[in-house]
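These are my notebook entries on one protein structure. I recorded what I looked up, entry by entry.

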Amino acid sequence: MRLEIRHLSMNYGKARALSDVTLTLESGGLTGLVGPNGAGKSTLLKILATLLRPSKGEILLDGADIRKKPDAMRGVLGYLPQEVPVYGSLNAWEFLSFMASVKRLDPAAAGEQIGALMRTLHLSNVGRKRLSEFSGGMRQRVGIACALLGNPKVIIADEPTTGLDPQERVTLRSLLSGLARSRIVLLSTHIVSDVEAVASDLVVLRGGKVLFHGEPEELIRRADGHVWEYTVPDLSRIPAGSAVSSAVQETAGVRVKTVGARPSAADVRSAPPTLEDACLCAMGGESL
C-alpha cells in the first residue's frame with residue numbers, strides 16, 4: 001500500500017498545528033514519527049485516521065482521496081489514540097468482542113484473534129477482569145489489541161508504549177515491526193528509543209513542520225560533528241542554553257553530552273552521534 005500526504009496544513013483559528021507536510025509512506029517497513037510535545041504529531045495522526053479534516057492538502061491511499069472517501073481509510077485502519085477509550089463495566093474479552101462486532105468481523109474468526117492477541121499482549125490471565133480495575137498500562141495493552149483486530153493494512157499508533165513496562169515495550173515494538181513487513185505502520189512517540197531498533201523510516205516533526213524524513217542512519221550521519229562530550233564539576237556548571245543529550249555522574253564530575261555548537265570546555269571532544277542525539281540536533285534547529 002502507498003499513503004501520500006501532500007502539502008497538508010491544519011489551523012485551529014489563528015494557530016497553525018501543521019504546515020505544508022508532505023510525506024510518502026509505504027508498506028514494508030515501520031515509520032517512526034518523533035518530535036517534542038506540541039510538535040503536531042497527534043494532529044497529523046488524527047487527520048490520517050479521518051478524525052479531523054485538514055485545512056489544506058491531500059491524502060491519497062493507493063490513489064483514493066481519503067478527504068473525499070474516508071471509508072477507503074476506515075476500512076483498512078487500526079488506530080491507537082493517546083487516550084484509550086474503554087467501557088469500565090466490561091471485561092477485556094467482552095470489550096474486544098464488542099469492538100470486533102463494530103468492525104463487522106466474523107464472530108468465530110474474531111474469537112480466535114482476540115485469544116491470540118491477549119496471549120501476545122499478556123492479557124490472558126486478566127481477560128475476565130473488569131476494565132475499571134485495570135492499571136493504565138493494562139488498558140493500553142487492551143487498546144493495542146483493539147487496534148490490531150481485523151488485521152488492518154494501515155496501523156497508526158500514537159504514543160503506544162505509554163504506561164508499559166520495559167518488557168512490554170519490547171514485545172510491542174517487535175510485534176509492530178513484524179506487522180510492518182506487509183503493512184503501513186506509523187508509530188508516533190517523543191521517546192526515540194521506542195523506534196530506534198525497529199524503524200526503517202523516520203520522520204522528525206517540530207512546530208508542525210517536517211524537519212527530516214528518511215532512513216535513521218542518514219540522520220545519524222548528518223549529525224556527525226555536532227555532538228560533544230566534556231566534564232563539569234556539577235550540573236549547575238553546564239552552560240545555559242545547552243542542548244543536553246545525557247549527563248552521567250563520574251568520579252571526576254559529571255560527564256555531559258551536548259549537541260549543537262562546540263562548547264568551550266577544556267576537555268571537550270567530538271562524540272559519535274546516536275539516533276537520539278541526531279533527533280535532538282534536528283529538533284534544536286541544527287542545519288544537518
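What percentage of the 288 residues of the protein count as buried? I found that 49% of the 288 residues do, where buried means under 20% relative accessible area, exposed over 50%, and partly exposed in between, with a 1.4 Å probe and protein chains only.

I noted the basis of these entries: the model is predicted, so local features need pLDDT of at least 70, side-chain atom pairs count only at pLDDT 80 or more, and totals for chains, interfaces and linings use all residues. Residues are numbered from 1 along each chain as its sequence is written, and side-chain values use heavy atoms, with hydrogens and water left out.

Entry on the fold. I looked up the secondary structure and found nine helices and 14 strands; these are DSSP runs numbered from the N terminus, helices (H or I) having at least four residues and strands (E) at least two. The radius of gyration is 21 Å, close to the 19 Å of the globule rule for 288 residues, so the protein is as compact as a globular protein of that length. This radius is taken over C-alpha atoms, and the rule is 2.2 Å times the number of residues to the power 0.38. I also noted that the C-alpha trace spans about 70 × 45 × 35 Å along its principal axes.

Entry on contacts. I looked at contacts (heavy atoms within 4.5 Å). Of those between residues at least 6 apart in sequence, 66% join residues at least 24 apart.

Entry on aromatic rings. How many aromatic pairs does a search of the whole structure find? I recorded two; rings of Phe, Tyr and Trp (its six-membered ring) pair if their centres lie within 6.5 Å, and planes under 30 degrees apart count as stacked, over 60 as edge-to-face and the rest as tilted. The ring centres of Tyr-87 and Phe-95 lie 6.1 Å apart with planes at 55°, so this pair is tilted. Tyr-87 also pairs with Phe-98, edge-to-face, at 5.8 Å centre to centre and 85° between the planes. Tyr-87 lies in the loop between strand E6 (77-80) and helix H3 (92-102), whereas Phe-98 lies in helix H3, 11 residues apart.

I then checked accessibility. Phe-95 is buried at 2% relative accessible area, whereas Tyr-87 is partly exposed at 48% and Phe-98 is partly exposed at 37%. Together, Tyr-87, Phe-95 and Phe-98 form one aromatic cluster.
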